[in-house]
Amino acid sequence: MLLHDTSLVFGRYLRQTLRSRFQILFGILMPLLHLLFFGPLLTGLPLGSTGDSWQVLVPGLLLQLSLFGASFAGFSIIIEKSTGVVERMRVTPVSRLALLLGRVLRDALLFVFQAVLLVLAALAMGLRAPLPGVLIGFAFVGLLALSLAALSYALAMRVRTPQEFGPVINALTMPAMLLSGLMLPMTLGPAWLDVLSHFTPLRYLVDAVRDAYVGSYATAHMLYGVLVALGFAVLAVTAGTRVFRRAGA
């Protein structure tokens, strides 16, 4: 029953997404601009990491795509609450977990698709990475999108207006971006900043994907990245499901 309900919810929101090409393509605009206008500035610079500048930058841009895209996914719930969609769903027998899973699986699929487009653009710019590493990167993008979307929907169920939702998301995503080393390795900074960045879960995912892009799979970074990504996904979906059940969403 859970699988059936999840597939129904997933199909509903996937059809909405497919009808909006603007939503599909606009999401990769910011990472694409970073790729086109920031990437060439790093060529030939000593970045303190294995691999060339593209193998350092592109993994960060992939996770940046999930960070900002999935974190703001909750705006759709706020709109649905204001238009009565959530109220109508409350009277259906659909599993509350399915209502969350259907949404976050749609989001994960959307951001993985956008990540594929970004990698294709990066290949044209000069990126060279092993295929297994690229696929591992897509898996991390999907897990991060699923986790952050679940938390975003949970927060959106707790607030009443977009004016309450937006500042909270900005206050959480900006420090995560700055401390995770998305754009440049944190090892380039002072020691205290590098140490502080290890308290940001996203740092471990960034290091793992960068290792994957240079063909290093059996590393400590990869192990920590997988554990953090899976643990974060479990905690996020659990927290999101609890909020949905209490709210009767």
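Predicted model: local features only at pLDDT ≥ 70, side-chain atom pairs only at ≥ 80, totals over all residues.
Residues are numbered from 1 along each chain as its sequence is written, and side-chain values use heavy atoms, with hydrogens and water left out.

I begin with helix H1, residues 2-18; helices here are DSSP runs (H or I, at least four residues), numbered from the N terminus. The expected span is 1.5 Å times one less than the number of residues. Asp-5, Thr-6, Val-9, Gly-11, Tyr-13 and Thr-17 are the buried residues of H1, buried meaning under 20% relative accessible area with a 1.4 Å probe, protein chains only. Their cover includes helices H2, H6, H7 and H8.

Next, Thr-241, which lies in helix H13 (residues 220-247). Is Thr-241 buried or exposed? Thr-241 is buried, at a relative accessible area of 7%. Leaving aside residues up to four places away in sequence, Thr-241 touches Leu-97 and Leu-100; contact means heavy atoms within 4.5 Å.

Finally, the axes of H5 (residues 53-71) and H10 (residues 162-180) come within 10 Å and cross at roughly 165°. Axes are lines fitted to C-alpha atoms over the stretch in contact, with angles from 0 to 180 degrees between N-to-C directions. The two helices are therefore roughly antiparallel, the term for angles over 145 degrees. On the H5 side, Gln-64, Leu-67, Phe-68 and Ser-71 meet H10 residues including Phe-165 and Ile-169.

How values were computed
Buried < 20%, exposed > 50% of the residue type's maximum accessible area, 1.4 Å probe, protein only. Parallel < 35°, antiparallel > 145°, perpendicular 65-115°, else oblique.
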